[in-house]
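User: Please take me through some of the labels used for this structure. I would like to see how each one is reached.

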Amino acid sequence: MNLQGLVPALEHDGKALYESLVLLEYLEDAFPSTNPLRSPDPHENGLVRLASAQISNVLVPSYYKLLQAQEPQQQKEAKEALIQAFKDVWDQWFVKGGEWSRGEKFGVLDCVIAPWIVRLDILVEHRDLKISELGEGLEGYVKRILERKSVKDTISEKEAYKSVYQRYLNNTAESEVAKATRKGEWLK
Ligand SMILES: N[C@@H](CCC(=O)N[C@@H](CS)C(=O)NCC(=O)O)C(=O)O
């Protein structure tokens with residue numbers, strides 16, 4: 001389904017598609033809901049796409065870099081870069097004062113960032129990350145994401161993450177993502 005062999009990939013009605021951000025929009029289009037994740041305002045959706053691209057291109061690679069960093073100095077620098085990536089997303093794209101990233105309604109941007117919030121506990125346990133280092137506003141948001149029913153209902157069990165991520169933590173993973181991270185690159 002995906003020539004790069006990456007997940008997520010989806011087959012629906014006999015047709016395949018991939019790239020998580022594309023799939024997210026596809027699911028909104030293919031299964032219109034009375035409680036849509038996208039806004040009726042095209043400009044707002046444009047902003048959410050810009051923010052999502054920043055998460056995919058900056059925050060996610062920073063996450064993997066810290067996960068695979070072995071030397072203390074490397075870990076320190078990678079941790080600072082990841083914290084900065086979260087703070088930049090917060091400063092630039094979060095509507096302040098709302099419960100969710102773009103205000104009072106849980107939406108696409110929350111779905112894009114939630115998986116990386118769910119995975120933070122691995123860095124707390126193994127890379128000495130403290131959620132408080134992300135800043136007060138994000139700390140509260142992290143709690144709300146982790147307590148949300150739809151998030152809890154759709155994340156993998158902790159044990160499943162552990163076995164996969166252990167290889168990244170030892171820097172022995174041979175996935176395309178791990179190999180690119182080791183070379184200081186990111187998959188395009
Ligand atoms: N930009 C892609 C990234 C996909 C990606 O990195 N997937 C990882 C898992 S989250 C994967 O399939 N890894 C297997 C590999 O690297 O070989 C997306 O958002 O869908």
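This is a predicted model: local features need pLDDT of at least 70, side-chain atom pairs count only at pLDDT 80 or more; totals for chains, interfaces and linings use all residues.

User: Why is alanine 78 called buried?

Analyst: A residue is buried if 20 or more other C-beta atoms, placed from the backbone, lie within 10 Å of its own, exposed if 12 or fewer, and partly exposed in between. Alanine 78 has 21 within 10 Å, so alanine 78 is buried.

User: Which residues does alanine 78 touch, leaving out those up to four places away in sequence?

Analyst: They are Lys65, Leu66 and Ala69. Contact requires C-beta atoms, placed from the backbone, within 7 Å.

User: What makes H2 and H3 roughly antiparallel?

Analyst: The axes of H2 (residues 42-68) and H3 cross at roughly 160°. Because angles over 145 degrees count as roughly antiparallel, under 35 as roughly parallel, 65 to 115 as roughly perpendicular and the rest as oblique, H2 is roughly antiparallel to H3. By class, their contact has 13 nonpolar, three polar and two charged residues. Ala, Val, Leu, Ile, Met, Phe, Trp, Tyr, Cys and Pro count as nonpolar, Asp, Glu, Lys and Arg as charged, and the others, including Gly, as polar.

User: Where does alanine 78 lie?

Analyst: Alanine 78 lies in helix H3, residues 72-93. Helices are DSSP runs of H or I with at least four residues, numbered from the N terminus.

Notes
Residues are numbered from 1 along each chain as its sequence is written. Helices (H or I, at least four residues) and strands (E, at least two) are DSSP runs, numbered from the N terminus. Two residues are in contact if their C-beta atoms, placed from the backbone, lie within 7 Å. Axes are lines fitted to C-alpha atoms, for helices over the stretch in contact, and angles run from 0 to 180 degrees between N-to-C directions.
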